Amino acid sequence: MVGGRRDWVALAVLVLPVLLISVDMTVLGFALPYLSEDLAPSGAEQLWIVDIYSFVLGGLLVLMGTLGDRIGRRRLLLAGAFAFGAASVLAAFAAGPLMLIAARALLGVGGATLMPSTLALIRTLFTDPVRWRTAIAVWGAGFSGGMALGPVLGGWLLEHFWWGSVFLINVPVMLVLLVAGPVLLPESRDPDPGRFDPASALLSLAAVLPVVYGIKRFAEHGAGPIAALSVLAGVGLGVVFVRRQRALPDPMLDLALFRDRRFSASVLTNTLGVFALVGLLFLVPQYLQLVLGMRPLAAALWLLPATVAGVGGAFAAARLSRRFPVRWLIGGGLLVAAAGFGSLVALGVHSGLAVLVSGMALVGFGVSLSETLTNDLIVTAAPPERAGAASAISETGFELGGALGTAVLGSIASAAYRAGVPSGAGEAARDTLGGAVATAATLPAGRAEALLSTAKEAFVHGMQISAAAGAVLLAYTGIQALVLLRAQRAGDRVPA
């Protein structure tokens with residue numbers, strides 16, 4: 001294993017995939033108005049363009065984490081970097097909504113190989129608890145930084161190039177990883193992984209995707225037989241998967257990890273926290289651009305305070321965890337984020353920028369503080385040889401939370417928006433606010449102004465409802481963390 005200063009250079013290389021994945025989670029929100037104009041996706045297709053990446057990634061993470069433990073985490077990371085770069089080129093030049101959805105799905109396949117490997121390799125590099133906490137803070141800060149870099153970089157690209165350029169930014173970063181990774185990163189794997197079970201791999205994917213699809217369909221169309229059957233099928237396959245893992249001598253997913261309260265409670269906290277955050281980030285770029293009328297770059301710059309707060313929250317976690325019980329820090333961070341969400345209920349059509357900036361800063365600080373510490377607890381609760389699988393479970397919760405946040409909170413806002421726009425406005429105008437803007441451009445001045453006023457009011461109303469729901473969810477998650485996580489300190493390990 002490399003040592004000293006080289007470890008920190010290697011850490012910088014490992015942060016690159018984290019930056020890209022967080023960039024991809026936010027940059028697309030700023031490109032949605034341009035996608036709507038160029039590719040003319042329906043409301044459902046628009047949500048799938050955003051969601052499919054996280055759905056596929058979340059469904060494959062456990063498989064890829066286990067695969068990395070077996071074949072080598074560096075090898076899997078480099079293979080994923082190549083796949084991610086190639087899929088980015090395909091997405092950039094997509095000729096229609098379905099092609100873009102397919103490219104985003106392939107990006108999810110590549111992304112699933114990247115995330116578990118980064119945390120597992122960081123654990124290999126940094127075995128000292130103090131250096132580990134600093135390294136995980138850098139990892140968390142990279143994620144928070146990427147969530148802001150995405151809008152700023154994407155905003156600049158959208159003002160100078162076409163929407164496909166937001167995907168091409170992935171390519172040079174992946175090239176750097178492919179060149180520097182073999183030199184700087186150590187190889188690590190489970191020395192005794194046991195037999196690989198293909199049936200478990202298929203069951204893990206078959207259990208996750210129907211549940212996510214059913215919840216998404218329920219959020220979009222309400223209760224119905226397809227949504228119910230999809231969820232039930234996924235839950236049934238999940239039960240089969242769990243029973244198989246318990247029966248196998250070498251399970252793909254070590255269910256014993258969930259017996260540790262630090263691990264199970266942290267995974268649940270991660271999932272619910274990201275659910276609220278990513279659902280909000282789906283709506284904020286549209287509010288800034290389509291309601292307040294900002295250009296993409298200007299809108300992105302107004303989100304920088306939230307990013308700075310997020311980076312500060314990650315580094316604060318490393319320092320504060322040396323002095324205070326971790327459960328108070330995690331719970332307190334989520335309650336701060338809940339207060340930020342609650343303030344966004346005051347947003348309006350013609351005002352609200354100051355409320356948005358301050359509220360997003362509170363959300364960024366609180367969620368980043370919490371997520372950094374829960375990731376620490378998740379990875380350190382597992383034995384080193386299972387680091388990839390533990391990281392994959394953490395990232396599965398994270399990605400599924402993000403995907404469901406977009407689907408559910410985005411769909412709640414969409415339902416409120418659709419209810420507020422009269423049927424006479426046309427289907428495109430009732431589907432999305434971007435569709436209303438495009439429709440208004442074809443109408444006489446008076447009718448266009450009336451349509452835009454109604455559509456903006458409806459969008460803001462939907463956003464207020466989603467913000468209130470997110471505030472309640474984060475407050476519950478914070479209180480839950482205080483109850484479930486006993487007085488643990490970050491970096492504490494479970495005896496092997």
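This is a predicted model: local features need pLDDT of at least 70, side-chain atom pairs count only at pLDDT 80 or more; totals for chains, interfaces and linings use all residues.

Student: How many helices and strands does the protein chain have?
Tutor: The protein chain has 18 helices and zero strands. Helices (H or I, at least four residues) and strands (E, at least two) are DSSP runs, numbered from the N terminus.

Student: And what share of the residues is buried?
Tutor: Of the 496 residues in the protein chain, 59% are buried. Buried means under 20% relative accessible area, exposed means over 50%, and partly exposed lies in between (1.4 Å probe, protein chains only).

Student: Which residues have the most contacts inside the largest nonpolar core?
Tutor: They are Leu 100, Trp 163, Phe 167, Tyr 287 and Met 360, in a core of 140 residues. Helix α10 (residues 261-291) gives the most to this core, with 18 residues. A nonpolar core is a set of buried Ala, Val, Leu, Ile, Met, Phe, Trp, Tyr and Cys residues joined through side-chain atoms within 4.5 Å.

Student: What is Met 360 in contact with, leaving aside its neighbours within four places in sequence?
Tutor: Met 360 is in contact with Leu 280, Leu 281, Val 284, Leu 303, Ala 306 and Leu 344. Contact means heavy atoms within 4.5 Å.

Student: Now the helices. How do α13 and α18 cross?
Tutor: The axes of α13 (residues 326-343) and α18 (residues 445-484) come within 8 Å and cross at roughly 170°. That makes α13 roughly antiparallel to α18 (angles over 145 degrees; under 35 is roughly parallel, 65 to 115 roughly perpendicular and the rest oblique). Axes are lines fitted to C-alpha atoms, for helices over the stretch in contact, and angles run from 0 to 180 degrees between N-to-C directions.

Student: Which residues make that contact?
Tutor: Among them are Trp 328, Leu 334 and Phe 341 of α13, and Ala 471, Leu 474 and Ile 479 of α18. The contact residues of α13 and α18 divide into 14 nonpolar, five polar and one charged. Here Ala, Val, Leu, Ile, Met, Phe, Trp, Tyr, Cys and Pro count as nonpolar, Asp, Glu, Lys and Arg as charged, and the others, Gly among them, as polar.

Student: At what angle do α13 and α14 pack?
Tutor: They pack at about 155°, with their axes 7 Å apart. The helices α13 and α14 are therefore roughly antiparallel to each other. Their contact residues divide into 14 nonpolar, seven polar and no charged.

Student: Changing topic, is Thr 380 buried or exposed?
Tutor: Thr 380 counts as buried, at 1% relative accessibility. This residue is found in helix α14 (residues 353-381).

Student: Where is Ala 92?
Tutor: Ala 92 is in helix α3 (residues 73-92), and at 1% relative accessibility Ala 92 counts as buried. Ala 92 and Leu 168 are 76 residues apart in sequence and 6.3 Å apart in space, C-alpha to C-alpha.

Student: And where is Arg 322?
Tutor: Arg 322 is found in the loop between α12 (304-320) and α13. At 43% relative accessibility, Arg 322 counts as partly exposed.

Notes. Residues are numbered from 1 along each chain as its sequence is written. Side-chain values use heavy atoms; hydrogens and water are left out.
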